[in-house]
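Here are my notes on this one, as numbered points. Have a look at the model first, then read on.

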Amino acid sequence: MKLIVAIKQVPIRDSQLRVDASGRWIQEADLSFEINEPDAYALEEALRLKEKHGGEVVALCAGPARAAQTIREALAKGADRAIHIEEENLDALDTLGVAKLLAGAVKPESPDLILTGLQSDDLGYGQTGVVLAELLGIPHSTIIMQVKVLKSKIRVKRELEDGWFQHIEMPLPAVLTIQSGINKLRYATLMGIKKAKTKEIKRLTLAELGAAAAATATIEKVYLPQKSKQTQILEGDAKAAAAKLVEKLKFEVRVL
Amino acid sequence: MSVLVILEQQGGKWHRMSWETLAAGQQFASAMGQPVEAAVAGHSVGALAAEAASKKVAKVYAIEHELLKDYTADAYTAAIEALIRKINPALVLFPHTYQVRDFAPKLATRFSQVLVSDVISVRMEAGSPVFVRLLFQGKLNGDVRVSGPSPHFASLQAGAWRADQLESGSSAVETFTPSLDASRIRQKPEAPFRESARAVDLTAAEIIVSVGRGIKEKENISVVAELANALGAELAASRPICDAGWLPMERQVGSSGQTVAPKVYLAVGISGAIQHLVGMKGAKTIVAINKDANAPIFEVADYGIVGDLFEVVPALVAEVKKVKG
(Lines give C-alpha, C1' and ligand atoms only; values in the text may rest on other atoms or scores of the structure.)
Protein backbone atom coordinates (compact mmCIF):
# COMPACT_ATOMS: atom_id res chain seq x y z
CA MET A 1 0.00 0.00 0.00
CA LYS A 2 1.06 3.56 -0.60
CA LEU A 3 1.29 5.61 2.58
CA ILE A 4 1.86 9.35 2.90
CA VAL A 5 2.88 10.81 6.25
CA ALA A 6 2.48 14.55 6.71
CA ILE A 7 5.12 15.81 9.15
CA LYS A 8 5.93 19.23 10.56
CA GLN A 9 9.11 20.69 11.97
CA VAL A 10 8.69 22.55 15.28
CA PRO A 11 11.05 24.11 17.87
CA ILE A 12 12.49 21.47 20.22
CA ARG A 13 10.43 20.88 23.31
CA ASP A 14 12.64 22.63 25.85
CA SER A 15 13.17 25.78 23.76
CA GLN A 16 13.24 29.11 25.56
CA LEU A 17 10.88 31.16 23.42
CA ARG A 18 11.08 34.89 22.86
CA VAL A 19 8.59 37.06 21.03
CA ASP A 20 10.08 38.63 17.89
CA ALA A 21 10.19 42.33 16.96
CA SER A 22 6.90 42.16 15.04
CA GLY A 23 5.14 40.85 18.16
CA ARG A 24 3.33 38.35 15.95
CA TRP A 25 5.67 35.34 16.16
CA ILE A 26 8.74 34.03 17.98
CA GLN A 27 12.43 34.66 17.34
CA GLU A 28 13.51 31.60 15.40
CA ALA A 29 17.14 32.45 14.71
CA ASP A 30 18.70 30.80 17.76
CA LEU A 31 16.26 27.89 18.11
CA SER A 32 16.80 24.22 17.29
CA PHE A 33 14.06 22.27 15.55
CA GLU A 34 12.77 18.70 15.50
CA ILE A 35 9.89 16.64 14.16
CA ASN A 36 6.54 17.43 15.79
CA GLU A 37 6.11 14.61 18.32
CA PRO A 38 2.69 13.27 17.23
CA ASP A 39 4.00 13.26 13.63
CA ALA A 40 6.89 11.03 14.75
CA TYR A 41 4.30 8.50 15.92
CA ALA A 42 2.42 8.84 12.61
CA LEU A 43 5.66 8.14 10.73
CA GLU A 44 6.39 5.12 12.92
CA GLU A 45 2.89 3.76 12.31
CA ALA A 46 3.31 4.19 8.55
CA LEU A 47 6.65 2.33 8.64
CA ARG A 48 5.04 -0.52 10.59
CA LEU A 49 2.12 -0.74 8.15
CA LYS A 50 4.56 -0.90 5.25
CA GLU A 51 6.57 -3.63 6.96
CA LYS A 52 3.36 -5.62 7.40
CA HIS A 53 1.62 -4.98 4.08
CA GLY A 54 4.41 -3.90 1.74
CA GLY A 55 4.37 -0.76 -0.37
CA GLU A 56 5.89 2.64 0.05
CA VAL A 57 6.09 5.42 2.65
CA VAL A 58 6.33 9.00 1.39
CA ALA A 59 7.15 11.75 3.90
CA LEU A 60 5.42 15.04 3.11
CA CYS A 61 6.48 18.26 4.77
CA ALA A 62 5.58 21.91 4.23
CA GLY A 63 8.18 24.21 5.72
CA PRO A 64 11.19 26.44 5.15
CA ALA A 65 14.59 25.20 3.98
CA ARG A 66 15.56 24.18 7.53
CA ALA A 67 12.81 21.51 7.46
CA ALA A 68 15.09 19.49 5.14
CA GLN A 69 16.86 18.22 8.26
CA THR A 70 13.65 16.76 9.68
CA ILE A 71 12.81 15.26 6.28
CA ARG A 72 16.23 13.56 6.11
CA GLU A 73 15.66 12.10 9.57
CA ALA A 74 12.35 10.63 8.37
CA LEU A 75 14.17 9.10 5.40
CA ALA A 76 16.85 7.73 7.72
CA LYS A 77 14.17 6.04 9.83
CA GLY A 78 12.83 4.29 6.75
CA ALA A 79 10.60 6.53 4.62
CA ASP A 80 11.27 5.68 0.95
CA ARG A 81 11.17 9.20 -0.43
CA ALA A 82 9.96 12.67 0.47
CA ILE A 83 8.13 15.71 -0.81
CA HIS A 84 9.19 19.08 0.57
CA ILE A 85 6.86 22.01 -0.04
CA GLU A 86 9.56 24.59 0.46
CA GLU A 87 8.38 28.00 1.56
CA GLU A 88 9.93 30.47 3.99
CA ASN A 89 6.74 32.36 4.80
CA LEU A 90 4.19 29.66 5.56
CA ASP A 91 3.02 31.70 8.54
CA ALA A 92 1.23 33.98 6.06
CA LEU A 93 -1.16 31.03 5.55
CA ASP A 94 -3.68 29.58 7.98
CA THR A 95 -4.58 25.91 8.49
CA LEU A 96 -6.78 25.89 5.41
CA GLY A 97 -4.03 27.45 3.27
CA VAL A 98 -1.45 24.90 4.41
CA ALA A 99 -3.89 22.01 3.98
CA LYS A 100 -4.54 23.17 0.41
CA LEU A 101 -0.82 22.99 -0.31
CA LEU A 102 -0.63 19.50 1.19
CA ALA A 103 -3.71 18.41 -0.79
CA GLY A 104 -2.11 19.72 -3.99
CA ALA A 105 0.99 17.62 -3.33
CA VAL A 106 -0.98 14.51 -2.28
CA LYS A 107 -3.44 14.34 -5.19
CA PRO A 108 -1.04 13.23 -7.97
CA GLU A 109 0.35 10.56 -5.62
CA SER A 110 -3.06 8.84 -5.13
CA PRO A 111 -2.10 7.24 -1.79
CA ASP A 112 -4.12 4.53 -0.03
CA LEU A 113 -3.68 6.05 3.40
CA ILE A 114 -2.49 9.39 4.77
CA LEU A 115 -1.28 9.65 8.35
CA THR A 116 -0.37 12.71 10.38
CA GLY A 117 -0.06 13.66 14.04
CA LEU A 118 -3.23 14.75 15.83
CA GLN A 119 -1.86 18.23 16.46
CA SER A 120 1.28 20.31 16.27
CA ASP A 121 3.29 21.27 19.32
CA ASP A 122 3.63 24.87 18.06
CA LEU A 123 0.25 26.16 16.82
CA GLY A 124 -1.77 23.30 18.26
CA TYR A 125 -4.83 23.86 16.07
CA GLY A 126 -5.21 20.08 15.72
CA GLN A 127 -7.03 20.14 12.40
CA THR A 128 -4.70 19.93 9.41
CA GLY A 129 -5.44 16.21 8.89
CA VAL A 130 -9.21 16.68 9.07
CA VAL A 131 -9.16 19.64 6.67
CA LEU A 132 -6.89 17.72 4.29
CA ALA A 133 -9.38 14.83 4.18
CA GLU A 134 -12.23 17.23 3.39
CA LEU A 135 -10.23 18.88 0.60
CA LEU A 136 -9.40 15.47 -0.88
CA GLY A 137 -13.00 14.29 -0.50
CA ILE A 138 -12.01 11.21 1.50
CA PRO A 139 -13.05 9.97 4.97
CA HIS A 140 -11.03 10.54 8.12
CA SER A 141 -10.86 9.72 11.78
CA THR A 142 -8.92 11.42 14.57
CA ILE A 143 -6.94 10.61 17.73
CA ILE A 144 -6.15 7.08 16.55
CA MET A 145 -4.49 4.49 18.80
CA GLN A 146 -4.52 1.44 16.47
CA VAL A 147 -4.73 0.84 12.72
CA LYS A 148 -5.72 -2.44 11.06
CA VAL A 149 -5.77 -2.75 7.28
CA LEU A 150 -8.47 -5.05 5.89
CA LYS A 151 -8.36 -5.29 2.08
CA SER A 152 -9.94 -2.07 0.81
CA LYS A 153 -10.89 -0.69 4.21
CA ILE A 154 -9.39 -0.03 7.62
CA ARG A 155 -10.50 -0.62 11.19
CA VAL A 156 -9.12 1.90 13.65
CA LYS A 157 -9.27 2.39 17.40
CA ARG A 158 -10.20 5.96 18.21
CA GLU A 159 -9.55 7.49 21.60
CA LEU A 160 -12.56 9.14 23.26
CA GLU A 161 -12.55 11.15 26.47
CA ASP A 162 -12.08 9.84 30.03
CA GLY A 163 -10.45 6.55 29.08
CA TRP A 164 -13.06 5.39 26.53
CA PHE A 165 -12.29 4.04 23.07
CA GLN A 166 -14.23 3.11 19.95
CA HIS A 167 -13.55 1.05 16.85
CA ILE A 168 -14.46 2.58 13.50
CA GLU A 169 -14.29 1.12 10.00
CA MET A 170 -13.97 3.19 6.86
CA PRO A 171 -13.05 2.66 3.22
CA LEU A 172 -9.67 3.55 1.75
CA PRO A 173 -8.26 5.99 0.83
CA ALA A 174 -8.56 7.80 4.16
CA VAL A 175 -6.77 10.23 6.47
CA LEU A 176 -5.98 9.35 10.10
CA THR A 177 -4.61 11.65 12.77
CA ILE A 178 -2.39 9.66 15.11
CA GLN A 179 -2.19 10.01 18.89
CA SER A 180 1.18 10.02 20.63
CA GLY A 181 1.94 6.70 22.28
CA ILE A 182 0.27 4.50 19.62
CA ASN A 183 3.58 2.66 19.16
CA LYS A 184 7.22 2.71 20.25
CA LEU A 185 9.40 5.02 18.17
CA ARG A 186 12.45 3.57 16.46
CA TYR A 187 15.84 5.20 16.14
CA ALA A 188 17.50 5.67 12.79
CA THR A 189 20.25 3.11 12.18
CA LEU A 190 23.67 4.00 10.78
CA MET A 191 22.70 2.12 7.63
CA GLY A 192 19.45 4.10 7.49
CA ILE A 193 21.28 7.41 7.79
CA LYS A 194 23.65 6.35 5.02
CA LYS A 195 20.82 5.24 2.73
CA ALA A 196 18.84 8.44 3.37
CA LYS A 197 21.47 10.42 1.49
CA THR A 198 20.56 8.71 -1.76
CA LYS A 199 16.78 8.92 -1.35
CA GLU A 200 14.71 11.29 -3.43
CA ILE A 201 13.42 14.58 -1.97
CA LYS A 202 11.08 16.24 -4.44
CA ARG A 203 10.82 19.98 -3.91
CA LEU A 204 7.60 21.84 -4.69
CA THR A 205 6.97 25.56 -4.48
CA LEU A 206 3.82 27.53 -3.72
CA ALA A 207 3.77 28.69 -7.32
CA GLU A 208 3.76 25.09 -8.60
CA LEU A 209 0.91 24.14 -6.27
CA GLY A 210 -1.04 27.22 -7.30
CA ALA A 211 -2.68 27.75 -3.94
CA ALA A 212 -2.46 31.22 -2.49
CA ALA A 213 -5.74 31.74 -0.64
CA ALA A 214 -5.52 34.62 1.82
CA ALA A 215 -5.67 33.54 5.45
CA THR A 216 -8.97 34.15 7.21
CA ALA A 217 -7.59 33.32 10.67
CA THR A 218 -4.54 35.41 11.53
CA ILE A 219 -2.42 35.66 14.65
CA GLU A 220 -2.28 39.37 15.53
CA LYS A 221 -0.09 39.13 18.57
CA VAL A 222 1.81 36.59 20.68
CA TYR A 223 2.76 37.21 24.30
CA LEU A 224 3.52 35.55 27.61
CA PRO A 225 0.36 34.31 29.34
CA GLN A 226 -0.92 36.19 32.34
CA LYS A 227 -0.80 34.15 35.46
CA SER A 228 -4.19 33.03 36.68
CA LYS A 229 -2.71 32.59 40.14
CA GLN A 230 -0.05 34.31 42.18
CA THR A 231 2.64 31.67 42.53
CA GLN A 232 4.79 31.79 45.66
CA ILE A 233 8.21 30.66 44.53
CA LEU A 234 9.99 29.01 47.44
CA GLU A 235 13.61 30.09 47.23
CA GLY A 236 16.82 28.59 48.52
CA ASP A 237 18.72 25.37 47.88
CA ALA A 238 16.84 22.08 47.64
CA LYS A 239 16.81 21.49 51.39
CA ALA A 240 15.69 25.02 52.28
CA ALA A 241 12.98 25.08 49.60
CA ALA A 242 11.75 21.63 50.68
CA ALA A 243 11.56 22.76 54.31
CA LYS A 244 9.56 25.85 53.31
CA LEU A 245 7.15 23.75 51.25
CA VAL A 246 6.55 21.31 54.10
CA GLU A 247 5.82 24.24 56.39
CA LYS A 248 3.25 25.57 53.90
CA LEU A 249 1.67 22.13 53.55
CA LYS A 250 1.46 21.79 57.32
CA PHE A 251 0.31 25.24 58.42
CA GLU A 252 -1.40 26.83 55.40
CA VAL A 253 -2.76 23.93 53.34
CA ARG A 254 -3.04 21.74 56.47
CA VAL A 255 -2.63 18.34 54.90
CA LEU A 256 0.27 17.11 57.01
CA MET B 1 -27.45 36.87 12.27
CA SER B 2 -26.88 35.16 15.58
CA VAL B 3 -24.40 33.33 17.74
CA LEU B 4 -25.14 29.62 17.33
CA VAL B 5 -23.95 27.29 20.10
CA ILE B 6 -23.63 23.61 19.20
CA LEU B 7 -24.36 21.58 22.33
CA GLU B 8 -23.03 18.03 22.62
CA GLN B 9 -24.85 14.92 23.78
CA GLN B 10 -24.16 11.25 23.62
CA GLY B 11 -26.81 8.56 24.13
CA GLY B 12 -29.23 11.15 25.49
CA LYS B 13 -26.79 12.54 28.07
CA TRP B 14 -25.26 16.02 27.93
CA HIS B 15 -21.55 16.50 27.62
CA ARG B 16 -20.61 18.52 30.70
CA MET B 17 -18.99 21.23 28.57
CA SER B 18 -22.24 22.03 26.73
CA TRP B 19 -23.49 24.44 29.40
CA GLU B 20 -20.28 26.40 29.82
CA THR B 21 -20.18 26.88 26.05
CA LEU B 22 -23.79 28.10 26.08
CA ALA B 23 -22.94 30.50 28.94
CA ALA B 24 -20.08 31.86 26.81
CA GLY B 25 -22.45 32.11 23.85
CA GLN B 26 -24.86 34.23 25.89
CA GLN B 27 -22.03 36.59 26.85
CA PHE B 28 -20.62 36.86 23.31
CA ALA B 29 -24.06 37.41 21.79
CA SER B 30 -24.81 40.20 24.21
CA ALA B 31 -21.48 41.90 23.44
CA MET B 32 -22.06 41.49 19.70
CA GLY B 33 -25.64 42.76 19.92
CA GLN B 34 -27.06 39.54 18.54
CA PRO B 35 -29.39 36.79 19.73
CA VAL B 36 -27.96 33.47 20.87
CA GLU B 37 -29.35 30.23 19.51
CA ALA B 38 -28.52 26.65 20.46
CA ALA B 39 -28.63 23.38 18.58
CA VAL B 40 -28.29 19.75 19.59
CA ALA B 41 -27.92 16.95 17.08
CA GLY B 42 -28.89 13.31 17.47
CA HIS B 43 -31.81 10.89 17.36
CA SER B 44 -34.73 11.57 19.73
CA VAL B 45 -33.16 14.68 21.23
CA GLY B 46 -36.51 16.43 21.87
CA ALA B 47 -36.23 16.21 25.67
CA LEU B 48 -32.67 17.53 25.64
CA ALA B 49 -33.67 20.40 23.34
CA ALA B 50 -36.54 21.26 25.69
CA GLU B 51 -34.08 21.42 28.58
CA ALA B 52 -31.83 23.77 26.58
CA ALA B 53 -34.89 25.93 25.85
CA SER B 54 -35.18 26.66 29.59
CA LYS B 55 -32.03 28.77 29.25
CA LYS B 56 -31.89 32.32 27.96
CA VAL B 57 -31.72 31.63 24.22
CA ALA B 58 -33.71 32.91 21.26
CA LYS B 59 -34.36 29.45 19.89
CA VAL B 60 -33.22 25.85 20.22
CA TYR B 61 -32.86 23.64 17.16
CA ALA B 62 -33.28 19.90 17.62
CA ILE B 63 -31.31 18.48 14.69
CA GLU B 64 -33.13 15.21 14.39
CA HIS B 65 -32.29 12.19 12.21
CA GLU B 66 -31.89 8.47 12.82
CA LEU B 67 -28.53 8.61 11.02
CA LEU B 68 -27.33 10.93 13.82
CA LYS B 69 -27.94 8.27 16.49
CA ASP B 70 -24.28 7.24 16.62
CA TYR B 71 -21.78 10.01 16.02
CA THR B 72 -19.92 10.05 12.69
CA ALA B 73 -17.91 12.93 11.30
CA ASP B 74 -19.65 12.66 7.91
CA ALA B 75 -23.24 12.74 9.23
CA TYR B 76 -22.66 15.43 11.87
CA THR B 77 -20.84 17.66 9.40
CA ALA B 78 -23.62 17.35 6.81
CA ALA B 79 -26.41 17.90 9.36
CA ILE B 80 -24.90 20.95 11.04
CA GLU B 81 -23.82 22.38 7.68
CA ALA B 82 -27.45 22.23 6.53
CA LEU B 83 -28.67 24.08 9.64
CA ILE B 84 -25.97 26.75 9.29
CA ARG B 85 -26.89 27.33 5.64
CA LYS B 86 -30.51 27.77 6.68
CA ILE B 87 -30.04 30.21 9.57
CA ASN B 88 -26.75 31.90 8.56
CA PRO B 89 -25.26 32.69 11.99
CA ALA B 90 -22.40 35.17 12.45
CA LEU B 91 -20.49 32.89 14.80
CA VAL B 92 -20.73 29.18 15.60
CA LEU B 93 -19.39 28.06 18.98
CA PHE B 94 -18.51 24.54 20.08
CA PRO B 95 -17.19 22.99 23.28
CA HIS B 96 -13.62 21.84 22.46
CA THR B 97 -14.37 18.15 22.92
CA TYR B 98 -12.79 15.15 21.18
CA GLN B 99 -15.94 14.90 19.05
CA VAL B 100 -15.74 18.54 17.99
CA ARG B 101 -12.06 18.09 17.12
CA ASP B 102 -13.17 15.26 14.83
CA PHE B 103 -15.76 17.12 12.74
CA ALA B 104 -15.70 20.91 13.30
CA PRO B 105 -12.55 21.54 11.18
CA LYS B 106 -14.27 19.69 8.31
CA LEU B 107 -17.42 21.77 8.79
CA ALA B 108 -15.48 25.06 8.80
CA THR B 109 -13.70 24.03 5.59
CA ARG B 110 -17.08 23.79 3.85
CA PHE B 111 -17.45 27.53 4.51
CA SER B 112 -13.82 28.31 3.50
CA GLN B 113 -13.11 29.13 7.14
CA VAL B 114 -10.78 27.84 9.82
CA LEU B 115 -12.01 26.69 13.22
CA VAL B 116 -10.30 28.75 15.92
CA SER B 117 -9.80 25.87 18.29
CA ASP B 118 -9.33 25.57 22.04
CA VAL B 119 -10.04 29.24 22.81
CA ILE B 120 -9.34 30.33 26.40
CA SER B 121 -10.78 33.85 26.34
CA VAL B 122 -12.32 36.43 24.06
CA ARG B 123 -11.98 40.18 23.82
CA MET B 124 -14.58 42.18 21.93
CA GLU B 125 -13.23 44.93 19.69
CA ALA B 126 -15.89 47.04 17.98
CA GLY B 127 -18.42 44.23 18.35
CA SER B 128 -16.24 41.56 16.82
CA PRO B 129 -14.35 38.93 18.76
CA VAL B 130 -10.58 38.55 19.14
CA PHE B 131 -9.92 34.99 20.27
CA VAL B 132 -7.10 34.14 22.68
CA ARG B 133 -5.60 30.67 22.42
CA LEU B 134 -2.53 28.87 23.66
CA LEU B 135 0.53 28.35 21.49
CA PHE B 136 3.60 26.17 22.02
CA GLN B 137 1.90 23.89 24.55
CA GLY B 138 0.90 26.84 26.70
CA LYS B 139 4.22 28.68 26.73
CA LEU B 140 2.72 31.63 24.83
CA ASN B 141 -0.72 33.08 24.15
CA GLY B 142 -1.84 34.22 20.72
CA ASP B 143 -4.59 36.67 19.73
CA VAL B 144 -6.43 35.40 16.67
CA ARG B 145 -8.78 37.44 14.52
CA VAL B 146 -11.03 35.91 11.89
CA SER B 147 -11.95 37.70 8.68
CA GLY B 148 -13.87 36.83 5.56
CA PRO B 149 -17.59 36.16 5.14
CA SER B 150 -19.40 34.69 8.15
CA PRO B 151 -20.10 32.28 9.68
CA HIS B 152 -16.93 32.13 11.75
CA PHE B 153 -16.13 29.11 13.92
CA ALA B 154 -14.54 28.71 17.37
CA SER B 155 -14.29 25.96 19.98
CA LEU B 156 -13.89 26.80 23.66
CA GLN B 157 -11.53 25.14 26.13
CA ALA B 158 -12.90 23.06 29.00
CA GLY B 159 -13.34 25.19 32.10
CA ALA B 160 -12.53 28.50 30.39
CA TRP B 161 -16.13 29.69 30.88
CA ARG B 162 -18.39 28.85 33.78
CA ALA B 163 -21.63 26.92 33.52
CA ASP B 164 -22.91 28.54 36.73
CA GLN B 165 -23.10 31.86 34.87
CA LEU B 166 -25.68 30.45 32.50
CA GLU B 167 -28.81 32.60 32.45
CA SER B 168 -32.25 30.99 32.52
CA GLY B 169 -35.13 31.88 30.25
CA SER B 170 -37.76 30.30 28.12
CA SER B 171 -37.78 29.72 24.40
CA ALA B 172 -39.16 27.51 21.69
CA VAL B 173 -37.73 24.33 20.19
CA GLU B 174 -37.71 23.97 16.43
CA THR B 175 -37.09 20.53 14.99
CA PHE B 176 -34.75 20.59 12.02
CA THR B 177 -34.58 17.45 9.91
CA PRO B 178 -31.59 17.49 7.58
CA SER B 179 -31.64 15.32 4.49
CA LEU B 180 -28.94 12.73 5.04
CA ASP B 181 -27.94 9.89 2.74
CA ALA B 182 -26.70 6.73 4.48
CA SER B 183 -24.49 5.85 1.52
CA ARG B 184 -22.50 9.07 2.04
CA ILE B 185 -21.62 8.30 5.66
CA ARG B 186 -18.33 6.51 5.29
CA GLN B 187 -17.35 5.91 8.92
CA LYS B 188 -18.94 2.84 10.53
CA PRO B 189 -18.65 3.29 14.31
CA GLU B 190 -18.89 0.51 16.89
CA ALA B 191 -19.95 0.81 20.52
CA PRO B 192 -17.54 2.71 22.82
CA PHE B 193 -15.65 0.60 25.35
CA ARG B 194 -13.18 0.88 28.21
CA GLU B 195 -9.97 -1.15 28.17
CA SER B 196 -10.40 -2.47 31.68
CA ALA B 197 -12.18 -1.57 34.87
CA ARG B 198 -10.27 1.16 36.64
CA ALA B 199 -8.42 -0.25 39.60
CA VAL B 200 -7.16 3.18 40.63
CA ASP B 201 -9.61 5.96 41.37
CA LEU B 202 -7.46 9.07 41.51
CA THR B 203 -10.54 11.25 41.96
CA ALA B 204 -10.88 10.08 45.56
CA ALA B 205 -7.32 10.99 46.54
CA GLU B 206 -6.71 13.92 48.92
CA ILE B 207 -3.11 14.32 47.84
CA ILE B 208 -1.71 13.44 44.44
CA VAL B 209 1.95 13.37 43.50
CA SER B 210 2.19 13.46 39.74
CA VAL B 211 5.26 12.90 37.62
CA GLY B 212 6.14 14.07 34.09
CA ARG B 213 8.86 13.95 31.47
CA GLY B 214 11.36 15.57 33.84
CA ILE B 215 11.84 12.16 35.49
CA LYS B 216 13.82 11.10 32.38
CA GLU B 217 13.95 7.33 32.98
CA LYS B 218 11.69 4.57 34.21
CA GLU B 219 14.15 3.68 36.97
CA ASN B 220 13.73 7.17 38.43
CA ILE B 221 9.99 6.77 39.08
CA SER B 222 10.90 5.35 42.49
CA VAL B 223 12.22 8.78 43.51
CA VAL B 224 8.73 10.25 43.17
CA ALA B 225 6.98 7.11 44.43
CA GLU B 226 8.87 7.55 47.67
CA LEU B 227 7.50 11.08 48.05
CA ALA B 228 3.97 9.80 47.41
CA ASN B 229 4.51 7.18 50.10
CA ALA B 230 5.81 9.68 52.61
CA LEU B 231 2.81 11.96 52.01
CA GLY B 232 0.26 9.14 51.90
CA ALA B 233 -0.58 10.31 48.40
CA GLU B 234 -1.67 8.60 45.19
CA LEU B 235 0.95 8.48 42.45
CA ALA B 236 -0.15 9.85 39.07
CA ALA B 237 1.51 10.92 35.83
CA SER B 238 1.21 13.02 32.72
CA ARG B 239 0.50 11.29 29.43
CA PRO B 240 4.06 10.76 28.13
CA ILE B 241 4.94 8.72 31.23
CA CYS B 242 1.99 6.37 30.66
CA ASP B 243 2.63 6.25 26.89
CA ALA B 244 6.14 5.05 27.65
CA GLY B 245 4.72 2.37 29.95
CA TRP B 246 6.57 3.69 33.00
CA LEU B 247 3.28 3.88 34.92
CA PRO B 248 -0.04 2.23 33.98
CA MET B 249 -2.54 4.23 31.88
CA GLU B 250 -5.00 4.24 34.77
CA ARG B 251 -2.70 6.63 36.63
CA GLN B 252 -2.83 9.24 33.89
CA VAL B 253 -4.21 12.71 34.67
CA GLY B 254 -5.36 14.92 31.80
CA SER B 255 -7.84 15.19 28.97
CA SER B 256 -7.34 11.57 27.93
CA GLY B 257 -7.01 10.30 31.50
CA GLN B 258 -8.68 11.19 34.77
CA THR B 259 -9.85 14.63 35.88
CA VAL B 260 -8.94 15.22 39.50
CA ALA B 261 -9.52 17.91 42.13
CA PRO B 262 -7.56 16.87 45.22
CA LYS B 263 -6.66 19.09 48.17
CA VAL B 264 -3.05 19.13 47.01
CA TYR B 265 -1.59 18.29 43.62
CA LEU B 266 2.19 18.10 43.43
CA ALA B 267 3.40 18.28 39.84
CA VAL B 268 6.94 16.99 39.62
CA GLY B 269 8.84 17.51 36.37
CA ILE B 270 5.59 18.31 34.54
CA SER B 271 5.80 21.25 32.14
CA GLY B 272 2.04 21.78 32.12
CA ALA B 273 0.82 21.15 28.58
CA ILE B 274 -2.84 22.09 28.33
CA GLN B 275 -3.90 18.45 27.96
CA HIS B 276 -2.54 17.92 31.45
CA LEU B 277 -3.76 21.19 32.98
CA VAL B 278 -7.41 20.53 32.11
CA GLY B 279 -7.20 17.36 34.21
CA MET B 280 -5.87 18.97 37.38
CA LYS B 281 -6.40 22.71 37.46
CA GLY B 282 -9.38 22.20 39.75
CA ALA B 283 -7.05 21.09 42.56
CA LYS B 284 -7.35 23.28 45.67
CA THR B 285 -3.61 23.76 46.02
CA ILE B 286 -1.10 23.14 43.26
CA VAL B 287 2.60 22.71 43.90
CA ALA B 288 5.04 22.65 40.98
CA ILE B 289 8.62 21.42 41.04
CA ASN B 290 10.36 22.10 37.75
CA LYS B 291 13.79 23.17 36.55
CA ASP B 292 12.34 25.55 33.94
CA ALA B 293 11.04 28.73 35.60
CA ASN B 294 9.05 29.50 32.44
CA ALA B 295 7.18 26.17 32.38
CA PRO B 296 3.41 26.76 32.01
CA ILE B 297 2.75 24.68 35.13
CA PHE B 298 3.87 27.71 37.19
CA GLU B 299 0.95 29.67 35.76
CA VAL B 300 -1.48 27.57 37.73
CA ALA B 301 0.72 26.73 40.73
CA ASP B 302 0.19 28.19 44.21
CA TYR B 303 3.65 27.16 45.35
CA GLY B 304 6.64 26.60 43.13
CA ILE B 305 10.16 25.31 43.52
CA VAL B 306 12.44 26.03 40.59
CA GLY B 307 15.12 23.38 40.76
CA ASP B 308 16.38 19.93 39.93
CA LEU B 309 13.76 17.42 41.00
CA PHE B 310 16.47 14.86 41.78
CA GLU B 311 17.70 17.18 44.54
CA VAL B 312 14.39 18.69 45.63
CA VAL B 313 12.29 15.53 45.90
CA PRO B 314 14.64 13.57 48.20
CA ALA B 315 14.99 16.69 50.38
CA LEU B 316 11.21 16.92 50.49
CA VAL B 317 10.91 13.27 51.51
CA ALA B 318 13.31 13.90 54.38
CA GLU B 319 11.39 17.00 55.54
CA VAL B 320 8.00 15.26 55.32
CA LYS B 321 9.32 12.33 57.36
CA LYS B 322 10.61 14.78 59.99
CA VAL B 323 7.21 16.40 60.34
CA LYS B 324 5.23 13.19 60.26
CA GLY B 325 7.64 11.61 62.74
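1. Contact here means C-beta atoms, placed from the backbone, within 7 Å.

2. Before going on, some housekeeping: this is a predicted model, where local features need pLDDT of at least 70, side-chain atom pairs count only at pLDDT 80 or more, and totals for chains, interfaces and linings use all residues. Residues are numbered from 1 along each chain as its sequence is written, while chains are lettered from A and ligands numbered from 1 in the order in which they are written.

3. Chain B has 9 helices and 18 strands (DSSP runs numbered from the N terminus: H or I, at least four residues, for helices; E, at least two, for strands). Its C-alpha atoms fill a box of roughly 65 × 45 × 35 Å along the principal axes.

4. The sheet to look at is open and parallel, with 6 strands in the order β13(A)-β18(B)-β17(B)-β16(B)-β14(B)-β15(B). Pairing takes at least two DSSP bridges between two strands. β13 (232-233) of chain A and β15 (234-237) of chain B are the edges; each has a single partner strand, so one side of each lacks a neighbour in the sheet.

5. Within that sheet, β16 (residues 264-268) and β17 (residues 285-290) of chain B pair in parallel over 5 bridges. Tyr265(B) sits opposite Ile286(B) in β17(B).

6. Helix α7 (residues 238-251) of chain A packs on the sheet, touching β16, β17 and β18 (303-306) of chain B, at about 170° to β18(B). Angles run from 0 to 180 degrees between N-to-C directions, with axes fitted to C-alpha atoms, for helices over the stretch in contact.

Technical notes: Two residues are in contact if their C-beta atoms, placed from the backbone, lie within 7 Å.
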